[in-house]
Amino acid sequence: MDEDPNRLVIATRNAHKTQEIREMIGDCFEVVDVTAFPDLPEVEETGTTFLENATLKALAISRELEGLVLSDDSGLEVDALDGRPGVWSSSFGGEEGNHAKNNERMMREMAGIAERSARFRCVMVLARGGEVLAHFDGSVEGRILDEPSGAGGFGYDPLFAPEGHDRSFAELGAEVKNGMSHRGRALAKVVAWLGDKG
Ligand code: IMP
């Protein structure tokens, strides 16, 4: 496949992540994810940190495809749960990628707990040709709500109110979320880095 300098492949099958990234930098790049390449292998996330998993994904996909590959590993750290679910956020409820079950378990574990501080974290790795070019991180502080509210976003968004807001990410909508989210902050660093490199 010829390298398209304007293409950025996101090393994810999570359409929500891809959509957020597209909304944020879609005018600079043609943003596609690995669902556009059905023959690519599934990457096992065997790391114990966001950086390890993001690196695994970026390297595996950039070995298979031409051009720039960007991975995102992200999750929710809850202080009262000693930082859980962290890198295991997507399977917290027992079933990989089942957001409803993840939120149910979060509500169960947080029931009756007054200390509700938490943060979303994101690590992005940019790679090309099986080599890491750079990595970037972003986070947003907030708190876990008692009840889910709102229909926007994905994952734990209905249960997470970012600092300075009483409403959840799911209620605040894409523009507010992207402007302050862990992913938005990491991506701003990616864009600045790419800009520096011309
Ligand atoms: P990953 O695909 O292994 O990085 O897992 C990411 C998981 O973290 C998702 O499945 C969600 O459970 C959670 N997560 C990451 N970013 C967000 C977000 O922006 N909103 C809500 N949940 C998120």
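I note the terms before looking: two strands pair if DSSP finds at least two bridges between them. Strands (E, at least two residues) and helices (H or I, at least four) are DSSP runs, numbered from the N terminus.

I am working with a predicted model, where local features need pLDDT of at least 70, side-chain atom pairs count only at pLDDT 80 or more, and totals for chains, interfaces and linings use all residues. Residues are numbered from 1 along each chain as its sequence is written, and side-chain values use heavy atoms, without hydrogens and water.

**Sheet.** I traced an open sheet of 6 strands with mixed pairing. Its order is β2-β1-β3-β4-β5-β6. β2 (30–33) and β6 (160–162) are the edge strands, each pairing on one side only.

I then looked at β1 (residues 7–10) and β3 (residues 68–78). They run parallel and are joined by 3 bridges. Ile10 has Leu70 in β3 as its bridge partner.

**Ligand.** I found 18 residues around the ligand (a heavy atom within 4 Å). The closest are Lys17, Glu45, Asp157, Lys177 and Arg183.

Next I checked polar contacts, here pairs of N or O atoms within 3.5 Å. In the side chain of Lys17, an N or O atom is 2.8 Å from a ligand oxygen. Asp73 has a polar side-chain atom 3.2 Å from an oxygen atom of the ligand. For His182, a polar side-chain atom lies 3.1 Å from a ligand nitrogen.

Last, I looked up burial. Taken alone, the ligand exposes 490 Å² (Shrake-Rupley method, 1.4 Å probe). The protein buries 95% of that.

How values were computed: Polar contact = N/O pair within 3.5 Å; in protein donor to acceptor, adjacent residues only side chain to side chain.
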